[in-house]
Amino acid sequence: MRKSKALLFEMSRSGRQGYSLPPCDVPGKPLEQILPKVLQRSEPLDLPELTEMEIIRHYTELSTRNFGVDTGFYPLGSCTMKYNPKVNEEAAVLPGFAFMHPCQAEETAQGALELLYNMEQCLKELTAMDRFTLQPAAGAHGELTGLMIIQAYHRHRGDHKRTKVLIPLSAHGTNPATVSMAGYDVVQIPCDERGLVDLEALKAAVDDTTSALMLTNPSTLGFFEEEIIAMAQAVHEAGGLLYYDGANMNAIMGYTRPGDMGFDVVHLNIHKTLATPHGGGGPGGGPVGVKERLVPFLPVPLVDQKGDNYSFNYDLPHSIGKVHSFYGNFGVVIKAYTYMRMMGAEGLKQASSDAVLNANYLMNLLKKTFYLPYDRICKHEFVLSARPEKKKGAGAGDIAKALLDRGFHPPTVYFPLIVEEALMIEPTDTEAKETLDAFAQTMEEIARDIDEDAEKVAHGPYNTVVGRLDEVRAARSPILRWKKE
Amino acid sequence: MGGKHYLPLTDEDRRDMLTAIGANSVEDLFNDIPTAVRLQNQLDLPPALAESEVLDHLNSLASKNKHFHNCVSFMGAGVYDHFIPSVIRHITGRSEFYTSYTPYQPEVSQGILQAIFEYQTMICQLTGMDVANASMYDGGTAVAEGAIMGCGATRRSKVLVSRSVSPFYRGVLRNYFHSRGLILEEIPLIDGCTNREALGKMLGEDVAAVVLQQPNFFGMVENMSGIAEAVHNHKAVLVISADPLSLPLLQAPAEYGADIVVGEGQGLGVPASFGGPLLGIMAARDKFVRQMPGRIAGETVDSEGNRGFVLTLQTREQHIRREKAASNICSNEALVALGASVYLAVMGPKGMYEVAEQCLQKAAYARDKITALEGFFLTFPGINFKEFAVTVPGDPAELNKKLLENNILGGVDITSFYPELKNTMLFAVTEKRTRQEIDDLVRVMEGWK
């Protein structure tokens, strides 16, 4: 029953309308008088014309053509697709939050400021940092903010020769892209045979041109960098700073903290670790925490407390300035704050504990059938290689499509780059053992299917609303918008 | 323990799973964390709350705030109290959308991909551009990335930005440019608009882009005629920050020669939410698509020839190009863009026009009434869309206090952004304001001082 869904534009009928507005009740002036003709649009706006129910049915049908965490298991590695509690959604739409203007006077926004302040206290404790900005709107935005702060710190000290940022080969793509955006050069650090950062290579790479080391710990391979203390020491001795990419923070809450490991700057992905939804790509939130010596460089404003009164603090003479028009994704921060208040310290630690137990359990099940290049205790995720299956005719991408046919969202595929035909699996803390068992069983079935008829697997999926989509064609002759025939 | 209702593993499960792994305890799974950095105590966080308790707590915080539902708002400066049709929340609240990730697996993400494709189309229809992306974080970051795009497209490193562009956006722009070592120069104002003569003199062969805002920060509709020609004569690109709510009425940026259009899309049915999440708009002419940051959805076909949608032109993006990517953006504001699409579909061409015209008429009505008051005058005479700057006879904060006593969220005090202006406020009047509300505002202002 495969078919395309009509576009809004194809459903449009001239004369239909989906809105209801009261008539203009002020004495109107002739349009020309308040807006000269020359400034007016020459061609009338072309938008679809639809009634409300048509719109609802359109988007309802589209929603059925979409897979979310609420639909089923979503072990997308490094994305921490855990359950998004509904109370968080309720909190964020309270009119006392959702309909506030960012330029309101402080005395009219005390509840919002208190929430921002409370959230900062929670994040400081979670990460062992001294202050946080909640302004970055996403993880990559947090990375950029963090590097700007590091840059401002070095520049303030008159240290202008630090032009390089070190990044392990296993890093997310956002790390090197962020480094370029901040005007730095990337130095790649290889991994050793254990899948950890090669400490000797790191030591050899650090010098007085090193601005920072950006590190995700646990790494994208799901391993804790055991030599973190020596790594931090090497970077600090050379005058560089340590940046913690919090993408994988869900593995270590309550067990260890970036600040205790020696990191100077941290970003968290609250849409991963703190259970706010990903929204089909966003909005997220990427708060950045820093150690004391970097506080003067944080974006303005900070939120300060004096007695029962909360206020914005713009008085940071060395601040990098702003990275967002206002205070970041406040609505997302509300959800993360609600989550932290629901979980408490014990709950958060249990979440990390279960995330790690689930990952190790699932890894243990799957390594019986699939090739596990680095066979050791993992943290919240692990990476299989479908190289053997690829040789039989169906690789990681094909296994992903076969999972779609069986009602699962696939793992992250072809990343990290250091594992050939990578399948990066992160089950998260909110999945039941039965789900993991079912997933493992399905993966075994797919392995058998590949043994029997790899060609068939290589042409899936078969049960989805559309078949395998031609991505090459999309890129070669791009159609990026609908146009009237 | 808090959060038990989110954690399905039972103690029995945990024991069985540990046995299967061959571990004695969960602690064994954390042995790779060196003792020196292991947390010895429990985190010192506030005690866990039950759902009813957490709602009580958040309700009590929310109740301390003033907002558009318990006050009448005349605040603007980039974020507005436009009407939000009920339909939007029902669509963005469908959890198949909001609990999904970036659509890397297109066969199970056709819903969000098609919605993004439709969003891109409607942004193109509004702006007159050829291509739009799936969203940026907000207006400020969209302006910054638009300017950087201009540098990428021209391989030059200097950008001119008008002082009539929102100071909130220029703050972000300055920061992005300073970090990257790009050069930013500000074009001075004349009567609240970009000084065209000064711009002409500042243009040169080293200029990558010129960034203007329409309507500008003071709500004024600038004269754009001839600007694109001047910019293009120097092989630079014209970046326009536009308010999408103005576009049904005002010239589309394509009509006056814009190359890249950015802007804040909050007016398109997005709750103000104390300034975030917002919606960064990014659109451009075809020839700049390779420099465009962020996700783009494109049409293709499946194995049976059915139409379908995928993320495309990904070689611009960080996960493929790494340090050579056009930008580092990964997560965006997709769900907000979905809401904006629903808004545009609901309003349609006529509703959009009506909203724009009501904004224009009501702002003109309020402007005339306020500036007729003794001691109040229009800071910059000219053409306004939905907001205008007023110089008031005293401290704007005091006036706002007086207004607040009457449950009015007054104008935004812009004096700190423009030291040359004294006691100047920006009043925004959307289609939602009634004649009665405007008259009430004017009456309180009249009685002040």
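Q: In this predicted model, what is the bridge partner of S385(A) in strand 12 of chain A?

A: The general idea is that strands of a sheet pair through backbone hydrogen bonds, either parallel or antiparallel. Here, S385(A) has A422(A) as its bridge partner in strand 12 of chain A.

Q: How many bridges join strand 10 of chain A to strand 12 of chain A?

A: Four bridges do the joining, and the two strands run antiparallel. Strand 12 covers residues 422-425 of chain A.

Q: What is the strand order in that sheet of chain A?

A: Read it as 10-12-11, an open sheet of three strands with antiparallel pairing. Strand 10 (382-385) and strand 11 (412-413) of chain A each have a single partner strand and stand at the edges, so one side of each has no neighbour in the sheet.

Q: Let's zoom out. Which domains is chain A divided into?

A: You'll find domain 1 at 8-64, domain 2 at 87-343 and domain 3 at 349-471. The C-alpha centres of domain 2 and domain 3 of chain A are 30 Å apart. Their contact draws 19 residues from domain 2 of chain A and 15 residues from domain 3 of chain A. On the domain 2 side, 11 are nonpolar, seven polar and one charged.

Q: And how many residues of chain B are in contact with chain A?

A: The size of an interface is often given as the accessible area lost when the parts come together. Here we can count residues instead: 170 of chain B are in contact with 175 of chain A. Helix 11 (residues 334-371) of chain B gives the most to chain B's side, with 23 residues. By class, that side of chain B has 89 nonpolar, 52 polar and 29 charged residues.

Notes
Residues are numbered from 1 along each chain as its sequence is written. Chains are lettered from A and ligands numbered from 1 in the order in which they are written. This is a predicted model: local features need pLDDT of at least 70, side-chain atom pairs count only at pLDDT 80 or more; totals for chains, interfaces and linings use all residues. Two residues are in contact if their C-beta atoms, placed from the backbone, lie within 7 Å. Ala, Val, Leu, Ile, Met, Phe, Trp, Tyr, Cys and Pro count as nonpolar, Asp, Glu, Lys and Arg as charged, and the others, Gly among them, as polar. Domain bounds come from an automatic or database domain assignment. Two strands pair if DSSP finds at least two bridges between them.
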